[in-house]
Amino acid sequence: MDVKEQITKAVERITKDEKLKEQFRKEPVKALESILGVNLPDEVIEQVVNGVKAKLTQDKIEDSVDALKGFLKK
């Protein structure tokens with residue numbers, strides 16, 4: 001299983017679906033298992049959870065930086 005590919009797939013689905021985003025905040029393992037359609041071993045699912053959290057945080061930071069850049073240009 002390609003963990004990076006699974007992280008990308010999960011991030012795409014979570015960012016497009018508010019209910020899924022909320023479920024991921026509350027129960028990340030269950031949310032990811034429903035997205036990926038499989039019950040993964042704990043060590044694998046934890047890697048995916050951590051990767052998705054990191055990617056979502058990175059995207060949020062990038063959005064904030066972009067907004068700040070836009071504000072400073074005005």
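In this predicted model, helix α1 (residues 3–16) packs against α3 at an angle of about 100 degrees, the two axes lying 10 Å apart. Since angles of 65 to 115 degrees count as roughly perpendicular, α1 and α3 are therefore roughly perpendicular to each other. On the α1 side, the contact is made by Gln6, Lys9, Ala10, Arg13 and Ile14, which meet Leu32, Ile35 and Leu36 of α3. Sorted by class, the residues of this α1–α3 contact comprise five nonpolar, one polar and two charged.

Helix α3 (residues 28–36) also packs against helix α2 (residues 18–26), here at an angle of about 135 degrees and with the axes 5 Å apart. The pair α2 and α3 is therefore oblique. From α2, the residues Leu20, Gln23, Phe24, Arg25 and Lys26 take part, and they meet Pro28, Lys30, Ala31, Leu32, Ser34 and Ile35 in α3. This contact of α2 with α3 brings together six nonpolar, two polar and three charged residues.

Turning to the whole chain, the fold contains four helices and zero strands, so the order of elements from the N terminus is simply α-α-α-α. Of the 74 residues, 24% count as buried. The chain exposes about 5,500 Å², with 53% of that area supplied by carbon and sulfur atoms. As for contacts between residues at least 6 apart in sequence, 48% join residues at least 24 apart.

Definitions and conventions. Residues numbered from 1 in each chain as written. Predicted model: local features only at pLDDT ≥ 70, side-chain atom pairs only at ≥ 80, totals over all residues. Heavy atoms only, no water. Axes fitted to C-alpha atoms, helices over the stretch in contact; angles between N-to-C directions. Helix = DSSP H or I, 4+ residues; strand = E, 2+ residues; numbered from the N terminus. Parallel < 35°, antiparallel > 145°, perpendicular 65-115°, else oblique. Contact = heavy atoms within 4.5 Å. Nonpolar A, V, L, I, M, F, W, Y, C, P; charged D, E, K, R; others polar. Buried < 20%, exposed > 50% of the residue type's maximum accessible area, 1.4 Å probe, protein only. Areas by Shrake-Rupley, 256 points an atom, 1.4 Å probe, with all protein chains shown as cover.
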